[in-house]
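Hello,

The structure is below, followed by notes on what was found in it.

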2 protein chains.
Amino acid sequence: MDVNQYMQTLGRQAREAATAMARASTNDKNRALLAIAAAIEENREALKAANAEDLENGRARGLDAALLDRLELTDGRINTMIEGLHQVATLPDPVGEMTDFKYRPSGIQVGKMRVPLGVIGIIYESRPNVTIEAGSLCLKSGNAAILRGGSESIASNRLLAGCIRTGLEAAGLPATAVQVVETTDRAAVGALITMPEFVDVIVPRGGKSLIERISREARVPVIKHLDGICHVFIDKDADFSKATNIAINAKTHRYGTCNTMETLLVHADVAAEILPQLAEAYVALGVELRGCEDARALCPAMNAASAEDWDTEYLAPILAVRVVASLDDAIAHINRHGSHHTDSIVTENYSAGRRFITEVDSSSVMINASTRFADGFEYGLGAEIGISTDKIHARGPVGLEGLTSQKYVVFGNGEVRQ
Amino acid sequence: MDVNQYMQTLGRQAREAATAMARASTNDKNRALLAIAAAIEENREALKAANAEDLENGRARGLDAALLDRLELTDGRINTMIEGLHQVATLPDPVGEMTDFKYRPSGIQVGKMRVPLGVIGIIYESRPNVTIEAGSLCLKSGNAAILRGGSESIASNRLLAGCIRTGLEAAGLPATAVQVVETTDRAAVGALITMPEFVDVIVPRGGKSLIERISREARVPVIKHLDGICHVFIDKDADFSKATNIAINAKTHRYGTCNTMETLLVHADVAAEILPQLAEAYVALGVELRGCEDARALCPAMNAASAEDWDTEYLAPILAVRVVASLDDAIAHINRHGSHHTDSIVTENYSAGRRFITEVDSSSVMINASTRFADGFEYGLGAEIGISTDKIHARGPVGLEGLTSQKYVVFGNGEVRQ
């Protein structure tokens, strides 16, 4: 079968399964999640063997160490997958929630019901645990899913696909509700993102170039996350202790995550007081600083920032530092150079805080908190399928609710339009 | 200036204006709406003269009577535009609404703030009043708008564009917050839908072929509405009086609207009792009936429906009629042949009603009410920019809230991630 036909078959099966999933009871969906967890536990050795095969092929193909690390399924990571399935089973089911029913002058009562999106295509790279994370969220939210992992994890993903099918069948749900693309043909991605008749939304998880390509070529809506160029702005009315803790945590808690601060902005009125000691702390932690002229005047050891630095997601122990003359300049810098992901102000000033959260156009805006909190678990969504830097449908961390939408429900008593 | 450069200029101006509009106060936005209304009143005669020019050109180009009628701005329609502006001014401002703030175990408090989408592109045909309707909704929801009307209404639209600029300036808002594309070059549409750097979402209002073309070629999200193939299902437990009223109203209240019923489904158990007298009523009102075999066995005067009839939006006094064996068959027919717009069941049976609203996958589902109620005004949205049959972002009538999204707001007290 050619790859387009194969993808059409997966699509048709997913569309059919989506109807059954939309009406599946919360109980059946939870039973499926727990049965998938049990199947993974039962197949732990086989899964590790399949993963070893992927790792061996990866080494033979010369994959770099970081990629190989993400590819590896250790016992710890398998345990995390299993725990994740149990956690998703305990999350409240968003489907069917009815809200906002109000009577209208005509006599009808109008409200909304939360419903699944339908079929969700997930495109990701290397990490085979995404197969379970993404698949479980789609399942719990009453959607069907088509999962397309990287070719480097194909053996692991095929084995996980079998566990998913086992779990779905054990709960009496269609085995095609969560399908893994079991070919490494690259044309599968092109087919998946151009089948609006079978796929309702695409969630790409991977590098910027993958996401850009998918956004460009997709014929269906994409919930996407490009860069995470996040800022902390230390206002002139900042509490210095909070400012120091937040600035250090936002940069150094983890370097490779999208909610890590990449540029620190400091109000000129307090730069001389706070920046030198902060710079010292960063250097002690091994962070390279790249500053504007004003910052370097205060901290001569800093490297000079180039224009590009303000637009760079380092994902590394490097931090751009800029002294700004005012709150207005800070907001303007963030809206121009940021990626609309997450930005935080440190201030004790009510009006400055209120202006910052109103005027900064990012999916998460914060006062006196580390940007590292921008995360589905930290926000209480229970889990996240990704962080959207888009403006329509969902912004910020996307959990179960982001995989649903709302339809209108009208309760009448025989009313007709006059 | 070539058309692409021209559209890029409009785009850049809109993007800049969007920042100002996002922070514009409710008062300023309302003042602008009222000032636009005043400018239209002041320019009433000039507007009628411009519209007469459009009508003359339209007649010379051989436009049909229906199109010419939609193009015409009578005094009554101008009054309606002015009233519409006053009404939008009285609607609550959705922007800045903050909801759902909850403390998390880390100590941060997380909630959401409603924010504009940014720049909205509207593409529409003939009716120049859409310029004011769509422009006023974008303005009130804090967005910038680029409006691209049909070439046949260019003189009217240019004049309305002047009134909008006057009103925006009177309120101290950027005159570029609502821009009308003042060229009839068709390439303008192609440019508008492929500038993701300047346009955040496209709302096409027009015929199916226009919307299909835009969906296919757009590089930005599209809030779209294709067909309105709506159904009424008369269940075996229907109240016959409600069923008759709703079935007649849903078809005959207006023939050309998207929420008009196009197919009537009747449960086999009650078809013999209700269908003959209902058929008689339709015929008396001049409605042509096209029935399935079972329906024609009961009403021999009915024409025979072909397979195509179940998939047709007539927008005319024609009704397809099908007798179905069960609630399951009714739901299956609607999900297969409907357009996910609006569908209603007439029943006194609790379980049948509950199953219908849960399992029918349409943007509006109703019990004992006419499909004609699917409308922003009837639902209490105050106004509507269109009806979405999409699944992501917005389903059903789209009002001010549909032109916004929500960002996360985090209030902290110096918290850092552990």
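How much area do chain A and chain B bury between them? The figure is about 5,500 Å², 55% of it on carbon and sulfur atoms; buried area here is the accessible area (1.4 Å probe) that two parts lose on being put together, summed over both. On the chain A side, Ile392(A), Tyr408(A) and Arg417(A) lose the most area to chain B, together 16% of what that side buries.

This is a predicted model, in which local features need pLDDT of at least 70 and side-chain atom pairs count only at pLDDT 80 or more, while totals for chains, interfaces and linings use all residues. Residues are numbered from 1 along each chain as its sequence is written, chains are lettered from A and ligands numbered from 1 in the order in which they are written, and side-chain values use heavy atoms, with hydrogens and water left out.

Chain A and chain B each give 66 residues to the contact (heavy atoms within 4.5 Å). There are 6 salt bridges between the chains (a side-chain nitrogen of Lys or Arg within 4 Å of a carboxyl oxygen of Asp or Glu). One of them joins Arg23(A) to Glu359(B), with the closest N and O atoms 3.2 Å apart.

Strand 16 of chain A is joined by 5 bridges to strand 13 (residues 364-369) of chain B, and the two run parallel. Strands are DSSP runs (E, at least two residues) numbered from the N terminus, and two of them pair if DSSP finds at least two bridges between them. Within this pairing, Val410(A) has Met366(B) as its bridge partner.

Regards

Notes: Helices (H or I, at least four residues) and strands (E, at least two) are DSSP runs, numbered from the N terminus.
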